[in-house]
Amino acid sequence: MTARPAPLRFLDIAPIAPKEDADRLEFPLRVTKPPLDILLCAPRGFCAGVVRAIDAVEKALALHGAPVYVRHEIVHNKYVVESLKRKGAVFVAELDEVPDETRPVIFSAHGVAKAVPAAAKARNLFAIDATCPLVTKVHREAEVHHKRGRHILLVGHAGHPEVIGTMGQLPEGAITLIETLEDVATLQAPEGQPLAYVTQTTLSVDDTRGIVEALQARFPELIAPHKEDICYATTNRQEAVKRVAPQVDGLIVVGSPNSSNSQRLREVAERAGCPVARLVLRTDEIDWSVFGQIRSLGITAGASAPEVLVEEIIDAFAARYEVRVETVSTADENVFFPLPRELRGEATPDAAE
């Protein structure tokens, strides 16, 4: 009896492709990336006070070698802090963590309470103050108001180093912190004492305006600063975001979560009509479930975020999209602050080796 052949199975049948298909299979498939328009906010990134503070640490390292001690983060950006650590900077929470009185100790750009330089002097530390001059301006205003018998209202955020530093310029009770409109409504001002106000330099311009207007409505004789306390960089970056936010599907603020001015930029974008705004330090923090289907993107950077991080974010999007970058500029900045006096010298030949 002749054996019947086994039935053909599907896997036994090799399809024969037309020649043109076979030729095409010799080359990789071409993938077309979707288009993405990036609107790059300007101004963005480093302000003059941040540049001065970072330069102060690097100059101290060049002049005196490592280690150089820094009380608190010199600016609120993890990338910057880690970069300076690799160069020899040692960051401490308080002065009692500095083991060597002969090494430089730098105070951060946010400013410090008067007790800090006093403690440094008591230990005979080589202290260098890298406080932003615009923060120092607020300190001086508060001191003048106090000398003239005024009670000071400080508009700011509790716990922020700048607020701690400003309140620490005067005796306890001389300054009242105002954070919200509710604080304005419930404020019990000292009787018979004139009032003046100052503000943190990194606040939302619009939020602060609302609080100040409420204060002025309650206290018509309230004395204002001679010049706006919110710094030029904060104002300029917020204005650029207001211009871009309504035009894009999403916006990224490059910065650290503990950066007040970066957080305010995210809030400004949301209020200006941007569907989604995120604060991102590095590319691994980008939520592609949110930013993977957009067709337009705004990018800005907080005042303590270096441009290299902005470029890194753009590169990450360029890997997924066919990007077209356009800069949207709302102001020109040419502010410069000189280094602290102790650092205006030349590096010695063997420094930092």
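Helix H5 (residues 133–147) has 15 residues, and its first and last C-alpha atoms lie 21 Å apart, close to the 21 Å expected at 1.5 Å a residue. The expected span is 1.5 Å times one less than the number of residues. The model is predicted: local features need pLDDT of at least 70, side-chain atom pairs count only at pLDDT 80 or more, and totals for chains, interfaces and linings use all residues. Residues are numbered from 1 along each chain as its sequence is written, and side-chain values use heavy atoms, with hydrogens and water left out.

**Chain overview**

- The chain has 12 helices and 12 strands; helices (H or I, at least four residues) and strands (E, at least two) are DSSP runs, numbered from the N terminus.
- Of its 353 residues, 46% count as buried, where buried means under 20% relative accessible area, exposed over 50%, and partly exposed in between (1.4 Å probe, protein chains only).
- Among contacts with a separation of 6 or more, 77% are between residues 24 or more positions apart; a contact means heavy atoms within 4.5 Å.

- In H5 the buried residues are Val135, Val138, His139, Glu141, Ala142, Glu143 and His145.
- The cover over the buried residues of H5 includes strand E6 (151–155), helix H6 (161–167) and strand E8 (195–199).
- Buried positions in H9 are Ala233, Thr234, Asn236, Arg237, Gln238, Ala240, Val241 and Val244.
- These buried residues of H9 pack against strand E1 (35–42), helix H8 (205–218), strand E9 (250–254), H10, E11 and strand E12 (322–329).

- The UniProt annotation "binding site", from an unreviewed entry, lists His76, His110, His160, Thr201, Ser259, Ser260, Asn261 and Ser304.
- From this list, the lining of the largest cavity includes His76, His110, His160, Thr201, Ser259, Ser260, Asn261 and Ser304.
- UniProt positions are given in the numbering used here, feature names are shortened, and annotations may be inferred rather than shown by experiment.
- On a 1 Å grid over the protein atoms alone, a cavity is a set of points where a 1.4 Å probe fits but cannot get out, and lining residues have an atom within 4 Å of a point.

**Individual binding-site residues**

- Thr201 lies in the loop between E8 and H8 and is buried, with a relative accessible area of 5%.
- Not counting residues up to four places away in sequence, Thr201 touches Leu134, Val135, Val138, Glu162, Asp229, Ile230, Cys231 and Thr234.
- Ser259 sits in the loop between E9 and H10 and is buried at 1% relative accessible area.
- Leaving aside neighbours within four places in sequence, Ser259 is in contact with His76 and Ser304.
- Asn261 belongs to helix H10 (residues 260–271) and counts as buried because its relative accessibility is 11%.
- The side chains of Asn261 and Ser259 are joined by a polar contact of 3.3 Å. A polar contact is a pair of N or O atoms within 3.5 Å; within protein, one must be able to donate a hydrogen and the other to accept it, and residues adjacent in sequence count only if both atoms are side-chain atoms.
- Ser304 is in the loop between strand E11 (296–301) and helix H12 (307–318), and its 4% relative accessibility makes it buried.
- Ser304 touches Phe46, Val50, Val75, His76, Asn77, Val80 and Ser259, with residues up to four places away in sequence not counted.
- At 3.0 Å, the side chain of Ser304 reaches the backbone oxygen of His76.

**Cysteines**

- With a disulfide taken as a pair of cysteine sulfur atoms within 2.5 Å, the count comes to zero disulfides.
- The closest cysteine sulfur to that of Cys47 is in Cys231, 5.7 Å away, which is too far for a bond.
- Cys47 is buried, with a relative accessible area of 12%.
- Cys274 is in no disulfide, and the nearest cysteine sulfur, that of Cys41, is 9.7 Å away.
- Cys274 is also buried, at a relative accessible area of 6%.

Conventions. On a 1 Å grid over the protein atoms alone, a cavity is a set of points where a 1.4 Å probe fits but cannot get out, and a pocket is an open set with protein on both sides within 12 Å along at least five of seven lines; lining residues have an atom within 4 Å of a point.
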